[in-house]
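Please keep the sequence and the structure in view while reading.

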Amino acid sequence: MTRDVVFRAFNRRQILAGTSASAFALFGSSPSAFSATPKNIVVIGATAQSAPEIIKQGLAQGRKVTALARRPEAVGAQHANLTIVKGDVREPATIEAALKGDEVVISLIGPRVDPRVELESMDLYTVGVHNIVGAMRKKGNKRLMVTSSIGAEHVVTEKPKSTELRDMWLWNGRKLYADMAAMEKMMPSFGLEYVILRPGFMIERPAAHNLKLAIDSTAPKGSGPIITFADFADFVLKAADSTEYVGKAVSIFSDQKTEWGKNLDFDAMLKMREAQGPMENGPKAARK
Ligand SMILES: NC(=O)c1ccc[n+]([C@@H]2O[C@H](COP(=O)([O-])OP(=O)(O)OC[C@H]3O[C@@H](n4cnc5c(N)ncnc54)[C@H](OP(=O)(O)O)[C@@H]3O)[C@@H](O)[C@H]2O)c1
């Protein structure tokens, strides 16, 4: 994996990925691994950029969807089978209240951070998953899908010599990646059916059906990190119903490589991120 691929800032509108729709659908599941009836889901972090597609596709497949968000008013979807609840993974009772006991729980939680500024601390993933698991145990839920990232498997420990933003982000965000990595390590100890999702760089484009998966390993040959929200959602929902990925960390790539300034626009990404809400590590401090 190249270093630029783990730059997790993103933008839903302005990133022009130039994605070819040449489809080689690469996640090779045997049909028998999937259950016939789509499982109901609880999406935690339902205002995440990746949430709308999961909610939309999940509802279209006939699932009941519960969307848990700190800002339920920002979920922006309505459907007879969609329940939107206010919740915070730092408040365990709010998670418990959102669960019935038979759903697959999908966590999309993550911090909104400015990649130009060093993160002082990060425990959202480890604390969050601990509280989610506590709530699941109380309600009887069996399957948890957590979202980490490509790059979480090797956290940077030395400050890069390059001052390129994408290199600095690995350094500035190393506590975030360390927290993701710690969450990943915790997963087997919970005794649940778990799936670790490690998406690449997600963008808003039509589904390209070009995912390349790596199970418990690094990037497949010839892959790139750019994946669409639509393809990510499609995979997440398939994996929710499948036994194929249980107990595994699935790195999600595509056939699209990153070309900064060509198919990805850092400034546009940052503006979009700032518009979504305050950065946890302080946007003002980042101004040059
Ligand atoms: N997007 C990418 O390209 C990409 C790439 C690699 C990995 N990832 C990871 O994949 C996951 C989903 O990505 P994303 O871009 O869709 O996420 P995102 O847009 O960064 O949204 C993160 C979500 O987590 C929520 N959240 C934060 N703290 C919370 C708390 N204490 N309780 C409940 N919810 C909380 C946020 O709520 P608020 O809206 O209230 O802040 C938001 O809904 C994240 O873990 C992200 O780091 C994303």
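## Helix 3

Helix 3 covers residues 124-139, 16 residues in total, and spans 22 Å between its first and last C-alpha, close to the 22 Å expected at 1.5 Å a residue. As with everything below, this comes from a predicted model. Just after the helix, G140 has a positive phi of about 95°.

Several residues of helix 3 are buried, namely Y125, G128, V129, N131, I132, V133, A135 and M136.

Which residues does I132 contact, leaving aside its neighbours within four places in sequence? They are I44, V89, I95, V105, S107 and L144.

## Strands 1 and 2

Strand 1 and strand 2 run parallel and are joined by four bridges. In one of the pairings between them, I41 has V65 of strand 2 as its bridge partner.

Strand 2 (residues 65-69) is mostly covered, with five of its five residues buried. The cover extends to both faces: V65, A67 and A69 are buried on one side, and T66 and L68 are buried on the other.

## Ligand surroundings

There are 24 residues around the ligand, and G45, A48, S50, G110 and S149 come nearest. By residue class, the shell around the ligand divides into ten nonpolar, eight polar and six charged residues.

Most residues other than glycine have a negative phi. H209 is not a glycine, yet its phi is positive, at about 50°. H209 sits in the loop between strand 7 (201-203) and strand 8 (212-215). Is H209 exposed, partly exposed or buried? H209 counts as partly exposed because it has 16 C-beta neighbours inside 10 Å.

D216 likewise has a positive phi of about 50° although it is not a glycine. D216 is placed in the loop between strand 8 and strand 9 (226-228). With 12 other C-beta atoms within 10 Å, D216 is exposed, because the exposed class takes in residues with 12 or fewer.

P188 belongs to the loop between helix 5 and strand 6 (193-199). P188 counts as exposed because it has 11 C-beta neighbours inside 10 Å. The C-alpha atom of P188 is 7.2 Å from that of G247, although the two residues are 59 residues apart along the chain.

## The protein as a whole

How many helices and strands does the protein have? The secondary structure comes to eight helices and ten strands. The protein has 288 residues, of which 45% count as buried.

Among contacts with a separation of 6 or more, 79% are between residues 24 or more positions apart.

Methods
Residues are numbered from 1 along each chain as its sequence is written. This is a predicted model: local features need pLDDT of at least 70, side-chain atom pairs count only at pLDDT 80 or more; totals for chains, interfaces and linings use all residues. A residue is near a molecule or strand if its C-beta atom, placed from the backbone, lies within 6 Å of it. Ala, Val, Leu, Ile, Met, Phe, Trp, Tyr, Cys and Pro count as nonpolar, Asp, Glu, Lys and Arg as charged, and the others, Gly among them, as polar. Two residues are in contact if their C-beta atoms, placed from the backbone, lie within 7 Å. Helices (H or I, at least four residues) and strands (E, at least two) are DSSP runs, numbered from the N terminus. The expected span of a helix is 1.5 Å times one less than its number of residues. A residue is buried if 20 or more other C-beta atoms lie within 10 Å of its own, exposed if 12 or fewer, and partly exposed in between; C-beta atoms are placed from the backbone. Two strands pair if DSSP finds at least two bridges between them.
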